[in-house]
Amino acid sequence: MSTHPVKRLPIENGRSGWEAISKRFLPIRSLEGDVTADWLIVGAGYAGLSAARRLRQIRPQDRIVILEASEVGKGTAGRNSGFMIDVPHSLSSSEYSNGGLDATRIEMQQNRAAIAFATEAAEEYGMTRETFDPAGKINAAATSRGMKLNASFGESLRSAGEKHSYLDARQLREITGTDYYLGGIYTPGAVLIQPADYVRAFAAGLSTDVTILENSPVRSLTRSGASWVAASDRGRVSAPKVILGVNGHITDFGFYQGRLMHIFAYASMTAAIPEDVARRVCGQDRWALLPADAMGATVRKITSGGQSRIALRTKYTYETKLETPDWRMLRMAEAHKKALVARFPGLATIPLEHSWSGRLCLSVNHVPAFGEIEEGLFSACCENGLGTVKSTLAGMLAAELATGTGSRQLEEFMDHKVPRRLPPEPLAWLGVNSVIRLQELRAGREG
């Protein structure tokens, strides 16, 4: 018998603005008593929901149960910037595309497979354009160095035969209302999502065929005979096969320890902006900018229900704990306000209504924590900074791996080394945070 006690449960720092303005589409149900299923999925984020949907396609008669420690949309999946990106987007350096041409093409094929899967789900589950918008994305540059990074990125796209176009300062000003940016590069294949609405709509769409139990954290996983038993606070779920879609929390289940990094990304969202101010100060109703330098600020304007807001994400830290102290959250919110006003002086009196952090999971060698880690136990974790797409892909392919459904995509995705071991603490903490700080300083006005 193999038992894995879960050392830590997720902790969310601050309320995500996306979740705050989101709607729930299904009633909350929690685990009560003992349940038997064909499949147990732990985590109702991109990986877990995608795994469940793919299992429904492959094994439509099987009973699937998802356990979510918190509520759908409140965890990491509802706390990101909402970009589903098809082209390279590595966060390991300032440049997004730093691999060879063959690797770049394989990565784009995988990303597009995940986006196609998400697009089918969005159509099937009736997601609106406010939730799922195939509008493409802009990498915006605020410095001469950023312009050079965009030129290098454009050359990488040109070499791969990828569509892209350059925007000058005037065009960016027409879109965003600000003259902060010098230029940008547009790629058409990205999808913009309202992340909390997306996972909630996805869960609601699945709920007619899949049992989704929220506020039901897994406290331990035990292999008992031919089944795994997941113990929660008020019940247990038994299933012969389990898929873990818990991202960096896979280490708290006892796997990949000392090999994965929790990188905290910090974000804020403004209060609703008066309509006349929004129109005059910050341009079109909806737009989305990624920074030319990967360590810069991601900025989105959203308009929903007649209300416009700006969401901004910038600043990162590497942490071994899951809880961010209040003083750090306050400092990050101050940095966000400064970055907002630098871009939009006319929004100086608009308060930041929500500030929060979300966790990315990175490995040193930029590979996923994916595969069968014990008999009947599968990991679809470590998205390396592009959780919307990479976790969707990992969930899809974990379902294929667990059912013995072969595919070329699965073969290519599994063709990687294991995540490399980190230096011992506190050396890892000191080293990683030093690198982050150096890269943020180098990003300058991009941040």
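Start with what sits over helix H8: the cover on its buried residues includes strands E16 (260–270), E18 (298–304), E19 (307–319) and E20 (352–363). Keep in mind as you click around that this is a predicted model.

Now select H8 itself, residues 326–343. Its 18 residues should span 26 Å at 1.5 Å a residue, and the end C-alpha atoms are 26 Å apart, so the two agree. Show side chains for Arg328, Met329, Met332, Ala333, His336, Ala339, Leu340 and Arg343, which are the buried residues of H8. Look down the axis of H8: these buried residues fall within an arc of 135°, so they line one face of the helix.

Next, hop to Ala271, in the loop between E16 and helix H7 (275–281). Is Ala271 buried or exposed? With a relative accessibility of 14%, Ala271 counts as buried, because the cut-off for that is under 20%. Which residues does Ala271 touch, leaving aside its neighbours within four places in sequence? Pick out Ser308, Arg309, Ile350, Pro351 and Glu353. For a distance check, draw a line from Ala271 to Leu49: the C-alpha atoms are 30 Å apart, and the two residues are 222 apart in sequence.

Beyond its neighbours within four places in sequence, His249 contacts Arg8, Leu9 and Pro10, along with His262, Leu322 and Arg359.

Another helix to select is H3, residues 101–124. Here 24 residues should span 34 Å at 1.5 Å each, and the end C-alpha atoms are 34 Å apart, in agreement. Colour its buried residues, among them Thr104, Met108, Gln110, Asn111, Phe117 and a number of alanines including Ala113, Ala114 and Ala118. Following H3, stop at Gly126 and check its backbone: phi is positive, near 70°.

Last stop, the surface. Select Leu427, Trp429 and Leu430, which form a nonpolar patch with about 290 Å² of accessible area together. Trp429 belongs to helix H11 (residues 427–443).

Conventions
Residues numbered from 1 in each chain as written. Predicted model: local features only at pLDDT ≥ 70, side-chain atom pairs only at ≥ 80, totals over all residues. Heavy atoms only, no water. Patch = residues over 30% accessible without salt bridge, like charges linked within 9 Å, V, L, I, M, F, W, Y side chains within 5 Å. Areas by Shrake-Rupley, 256 points an atom, 1.4 Å probe, with all protein chains shown as cover. Salt bridge = Lys/Arg side-chain N within 4 Å of Asp/Glu carboxyl O. Helix = DSSP H or I, 4+ residues; strand = E, 2+ residues; numbered from the N terminus. Expected span 1.5 Å × (residues − 1). Buried < 20%, exposed > 50% of the residue type's maximum accessible area, 1.4 Å probe, protein only. Arc of directions from axis to C-beta. Contact = heavy atoms within 4.5 Å.
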